[in-house]
Amino acid sequence: MATLCAGDALPSIRLPFRPLFAALLLAGLCAPALAAGPACYPPQALAAKQGEEIVRPHTGGPGQLPDISVPASAPVPAALRGSIRRVDLPPGVKMVALTFDLCEASSETSGYDGALVDYLRSEGVAATFFAGGKWMVSHPERGGQLTADPGFEMGNHTWSHANLTVKTGEAMRRQVDDADIGLALGRKQAEAKGCMLPKPQAISLFRFPYGSCSAESLNYVNDTGHLAIQWDVDSGDPAFIGAKGMADDMLRGIKPGSIVLMHANGRGKHTAEALKILIPALRAKGYRFATVGQLLAAGTPVIAQTCYSLKPGDTRIYDEAARTGKRILPVQ
Ligand SMILES: [Zn+2]
């Protein structure tokens, strides 16, 4: 479940129209208690473990759906429906949201990039993680730690990284609903460790795998109370661009209100090293780091009625696929 901060004032329908009010809430209520991770976990439990980032073939049958019921949410208000690309901020406000996908397809058990998360924590950098439900089940301890971290927020990235342009009907709906159950498992894990979590928000966050949706799936995501969060800066981190090249590209692309796409599931190559260049450089330019929820609270979202992967330039990965003749919309 995403933890949009500022309690139930967020993200009400007022938000896009009262950015200043929201910004005040942000300053007063959302001041992130950023330290070296959630206090309910000992530092040695939080620390990266060698080899944990490795993506492995899935063995032992499909991930087990936890037996947890998730209450239904109200639909997203009309003003926030569609796919959110970035946020327009008041003049002079320099905030950016770094987002990290934790994708896990049915054919694999993906990793956990502990070096990356350790660095974010050590620098007190806020971040949003979009987790697959299956990832949450295969990484219960890490899922609990991320959920409990006051500097981080969690969002839904479908159960098993399905392409929701291709999946329809019940199969599509299960991908969305089952991932919410996976996220609820993260809360349960954290609470079992004695972590005090904020109340789940009525409206949560969602990211489409491949940035790809149909009108049906976009409507369903919004109807079930999820804001569809895309990005305006793609790190391209699954490709071997190298840390410096990646950081330089991101620095060129990032503007105040940007939402940046990266991976923390071991699919990102050089992502942790790139962050060590990117984060100090952004700070030197006067940027502050925000979760997506905090960014939304500070301004007006820029919303499209279609998702990505429709045209060249939408995402690097699809452009690369188009160049190499690989399938652009993989079916999961
Ligand atoms: Zn993904």
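Is A243 buried, exposed or partly exposed? A243 comes out as partly exposed, because 18 C-beta neighbours sit inside 10 Å. On that scale a residue is buried if 20 or more other C-beta atoms lie within 10 Å of its own, exposed if 12 or fewer, and partly exposed in between, with C-beta atoms placed from the backbone.

Before going further, a word on the model. It is a predicted model, where local features need pLDDT of at least 70 and side-chain atom pairs count only at pLDDT 80 or more, while totals for chains, interfaces and linings use all residues. Residues are numbered from 1 along each chain as its sequence is written. The pLDDT, which is the predictor's confidence in each residue from 0 to 100, averages 85 over the chain, and 81% of the residues score at least 70. Over residues 1–33 the pLDDT is below 50, and this stretch has 72 contacts in the model beyond near neighbours in sequence. Residues 327–332 also have a pLDDT below 50, with 20 contacts beyond near neighbours in sequence. Two residues are in contact here if their C-beta atoms, placed from the backbone, lie within 7 Å.

**The chain as a whole**

There are eleven helices and twelve strands in the chain. Helices (H or I, at least four residues) and strands (E, at least two) are DSSP runs, numbered from the N terminus. Of the 332 residues, 52% are buried. Looking at contacts with a separation of 6 or more, 85% are between residues 24 or more positions apart.

Setting aside neighbours within four places in sequence, A243 is in contact with H270, E273, A274 and I277. Its C-alpha atom is 8.0 Å from that of L275, 32 residues away in sequence.

Axes are lines fitted to C-alpha atoms, for helices over the stretch in contact, and angles run from 0 to 180 degrees between N-to-C directions.

| Helix pair | Axes come within | Crossing angle |
|---|---|---|
| α8 (residues 243–253) and α9 (residues 271–284) | 8 Å | roughly 35° |
| α6 (residues 169–192) and α7 (residues 215–223) | 10 Å | roughly 35° |

The crossing of α8 and α9 is right-handed, and α6 passes α7 in a right-handed crossing too. The rule is that a crossing is left-handed if the near helix is turned anticlockwise from the far one by less than a right angle, and right-handed if clockwise.

Who makes the contacts? By class that is nine nonpolar, no polar and two charged residues. Here Ala, Val, Leu, Ile, Met, Phe, Trp, Tyr, Cys and Pro count as nonpolar, Asp, Glu, Lys and Arg as charged, and the others, Gly among them, as polar. For the second pair, M172, R173 and V176 of α6 meet E216, S217, Y220 and V221 of α7. That contact has four nonpolar, one polar and two charged residues.

**Buried helices**

Helix α5 (residues 140–148) has seven of its nine residues buried, so it is largely enclosed by the rest of the structure. The buried ones are R142, G143, G144, Q145, L146, T147 and A148. Their cover includes α2 (43–46), β5, α4 (133–138), β6 and α6.

In helix α3 (residues 114–123), G114, L116, V117, L120 and R121 are buried. They span an arc of only 160° around the axis, which puts them on the same side of α3; the arc is that of the directions from the helix axis to the C-beta atoms. These buried residues pack against β5 (127–131) and α9. Just after α3 comes G124, with a positive phi of about 65°.

**Some loop residues**

Most residues other than glycine have a negative phi. T158 has a positive phi near 65°, and H161, also not a glycine, has one of about 60°. T158 lies in the loop between β6 (152–156) and α6, and H161 is found in the loop between β6 and α6 as well. T158 counts as buried, with 32 C-beta neighbours inside 10 Å, and H161 is buried with 26 other C-beta atoms within 10 Å.

S107, in the loop between β3 (95–102) and β4 (108–109), is exposed, with 10 other C-beta atoms within 10 Å. Beyond neighbours within four places in sequence, S107 is in contact with P57 and H58.
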